[in-house]
Amino acid sequence: MTDVEPLGENLVAPAWLPPEIDTTKAHPARMYNYFLGGKDNFPVDREAAEVALKVVPEARAMSRGNRDFLGRAVRHLAESGFTQFLDLGTGIPGPGNTGDVARAVNPAARVAYVDNDPSVAAHSRALLRGAAPDRTTVVLADIRDPQSIINDPSVRATVDFDKPIAVLMLAVLHFVKDDEDPAGIVKELMAAVPAGSHLVISHITNDFEPERGAQGARAYDRATAPIVLRPYAEICTLFDGLDVLEPGIVHVPSWRPDGEIPYWADQVWGYGGIGRKS
């Protein structure tokens, strides 16, 4: 069992329950929130998450490692001059979300958050209310339909597709099945953004503990989306046609760590990297 500490007991805790939120079926975003120690989840999410934790207690470390990677990647991009971020499969934004990190570097940063679940969109709109509303939007759309994102009026009003965009796909492509063509989705999205745009991906793998990983993935059969564990070589193909930044597509905690790599890093079963469109 990992002893990595959660992000905190009070990530976000809205006191309302919009009618479109389905509390009868677990959702990966709310399970992720639970793994991080947040409160934006319901009994069905906690039940499914605990099933996964019994087999893969490393799930908490994986979630924390992914959130930390998001912070390092967004900070790097913001410090490199990026002011536009398209965050796909954003989940429920807690502290350290894309906007928080980017605007700590440049307060003028613009962020379009996209998720395909009405409950996540409802949560996100409430939680981000007041967070630079003229430079922030939350859109209900599915990455499996890239054109619905590319052509969305709110996305277009927030980010300029004639200027470089940081496209973030963190911990989302492993919820896209093989027959839904994750590599094709990435290509279509990157075809819509100009040269100089960057793509950030993190993806869970079955390379480290194949048997336990497969058992843990089965917990998501009870959720709104199954999880697909992919090997390193297959994850690398998602960056085809892009110039991959140093240190490459690597074990997530090893991507430009802040200081020493955490002692719990070996519990993070995922790879990540950044690619640049030339």
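1. Let me start with E188, which touches P146, Q147 and I150 once residues up to four places away in sequence are set aside. Please keep in mind that this is a predicted model. Q147 sits 41 residues from E188 in sequence, yet their C-alpha atoms are 8.2 Å apart in space.

2. As for its setting, E188 belongs to helix α8, which spans residues 182-191. Its relative accessibility is 31%, so E188 counts as partly exposed, between the 20% and 50% cut-offs.

3. Next, have a look at S197, in the loop between α8 and β5 (198-204). Is S197 buried or exposed? With 0% relative accessibility, S197 counts as buried, because the cut-off for that class is under 20%.

4. The surroundings of S197 are worth a visit too. Beyond its neighbours within four places in sequence, S197 is in contact with F82, K163, P164, I165, M190, G275, R276 and K277. For I165, the backbone nitrogen lies 3.0 Å from a polar atom of the S197 side chain.

5. Finally, the helix pair α1 (residues 28-35) and α2 (residues 43-55): the two pack at an angle of about 65°, and their axes are 9 Å apart. α1 and α2 are therefore roughly perpendicular to each other. The crossing of α1 past α2 is right-handed.

6. Which residues meet where α1 and α2 pack? From α1 come R30, M31, Y34 and F35, and from α2 come D45, R46, A48, A49, E50, A52 and L53. Sorted by class, this contact has seven nonpolar and four charged residues, with no polar ones.

How values were computed. Residues are numbered from 1 along each chain as its sequence is written. This is a predicted model: local features need pLDDT of at least 70, side-chain atom pairs count only at pLDDT 80 or more; totals for chains, interfaces and linings use all residues. Side-chain values use heavy atoms; hydrogens and water are left out. Axes are lines fitted to C-alpha atoms, for helices over the stretch in contact, and angles run from 0 to 180 degrees between N-to-C directions. Helices (H or I, at least four residues) and strands (E, at least two) are DSSP runs, numbered from the N terminus. Angles under 35 degrees count as roughly parallel, over 145 as roughly antiparallel, 65 to 115 as roughly perpendicular and the rest as oblique. A crossing is left-handed if the near helix is turned anticlockwise from the far one by less than a right angle, and right-handed if clockwise. Contact means heavy atoms within 4.5 Å. Ala, Val, Leu, Ile, Met, Phe, Trp, Tyr, Cys and Pro count as nonpolar, Asp, Glu, Lys and Arg as charged, and the others, Gly among them, as polar. Buried means under 20% relative accessible area, exposed over 50%, partly exposed in between (1.4 Å probe, protein chains only). A polar contact is a pair of N or O atoms within 3.5 Å; within protein, one must be able to donate a hydrogen and the other to accept it, and residues adjacent in sequence count only if both atoms are side-chain atoms.
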